[in-house]
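Biologist: Hi! Could you walk me through this model? I'm new to reading structures.
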Amino acid sequence: MEKAASPRASDIAYDKIRQFVLSGHAEPGEQLTEEQLARISGVSRTPVREAVRRLENELLIVRSDSKRLFVADWSADDIDEMFVLRGMLEGHAASRAARNITARQLEEIARISDLLDEAVSANPPDVAAFLAHNRAFHDIILEAARSPRLSAMLPMLIEQPVVSRTAKQYRVGELLQSARDHRELIAAFVARDSHWARAVMTSHIRRAFHAFSITALRRKEQQQRAND
């Protein structure tokens, strides 16, 4: 039996640094060093440099004019564009999914929606479970869309810590609304109504945009007060 190839050091570094950034252990705007990233990933600085280049392409890490590395901290315009693109692409994915989703995928997405409801109904809401189930829900929509182009383009936008930071700041009413959106998406899929699915997904993303924008504004105000 042929032995599976071991992952390259740069791939290991990429996965571990990416998870470090996405998990929220590093704050937006926080400076990073190659030495720090080498410790986190457990590899030498050479593969870390290759991993960092990939993460720069994904806009998770940015490099200043002086070549210093920072966790990306997006401007209001960056955030607006990110959500506009998400709305367009995820709306298109939902539209395609309404036409192509299988009975098995519908059954699975309904099961995940039940889990989302449980996470939201907990006291206090289980945000970690909500995030995990939300990811699984949207993954099935992307799979049902049957579009290699969407599969290549969407993850870069969705994987960014925007989703995590948005959900963690949702109030209970907003979490409940998100769960209702998922239920309505399922109804649109059952009806095979691509226009309905697109409209629900687009409004779902816009609500997330406003929640994130408010959160980002509060965080900047807190930073300003701390610096004064």
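Predicted model: local features only at pLDDT ≥ 70, side-chain atom pairs only at ≥ 80, totals over all residues.

Biologist: What comes after α2?
Modeller: G42 follows α2, and this glycine has a positive phi, near 75 degrees.

Biologist: Back to α1 for a moment. How do the axes of α1 and α2 cross?
Modeller: Two packed helices are described by the angle between their axes and the distance between the axes. Here, helix α1 (residues 9-22) and helix α2 (residues 34-41) have axes that come within 9 Å and cross at roughly 105 degrees. That makes α1 roughly perpendicular to α2, because angles of 65 to 115 degrees count that way.

Biologist: Which residues meet there?
Modeller: From α1 you have I12, A13, K16, I17 and F20, and they meet Q36, L37, I40 and S41 in α2.

Biologist: Nice. Switching topic: is S113 buried or exposed?
Modeller: S113 counts as buried, because its relative accessibility is 1% and the cut-off for buried is under 20%. S113 sits in helix α5 (residues 103-121).

Biologist: What does S113 touch?
Modeller: Leaving out residues up to four places away in sequence, S113 touches F137, H182, R183 and I186.

Biologist: Now the outside. Which residues form a nonpolar patch on the surface?
Modeller: V84, L85 and M88 do, with about 250 Å² of accessible area together. M88 belongs to helix α4 (residues 76-100). M88 counts as exposed because its relative accessible area is 52%, and exposed means over 50%.

Biologist: Zooming out, how many helices and strands are in the chain?
Modeller: There are 10 helices and three strands. Along the sequence, the pattern reads α-β-α-α-β-β-α-α-α-α-α-α-α.

Biologist: And how much of the chain is buried?
Modeller: Of the 228 residues in the chain, 44% are buried. The chain exposes about 12,600 Å², with carbon and sulfur atoms supplying 53% of that area.

Terms used: Residues numbered from 1 in each chain as written. Heavy atoms only, no water. Patch = residues over 30% accessible without salt bridge, like charges linked within 9 Å, V, L, I, M, F, W, Y side chains within 5 Å. Areas by Shrake-Rupley, 256 points an atom, 1.4 Å probe, with all protein chains shown as cover. Salt bridge = Lys/Arg side-chain N within 4 Å of Asp/Glu carboxyl O. Helix = DSSP H or I, 4+ residues; strand = E, 2+ residues; numbered from the N terminus. Buried < 20%, exposed > 50% of the residue type's maximum accessible area, 1.4 Å probe, protein only. Axes fitted to C-alpha atoms, helices over the stretch in contact; angles between N-to-C directions. Parallel < 35°, antiparallel > 145°, perpendicular 65-115°, else oblique. Contact = heavy atoms within 4.5 Å.
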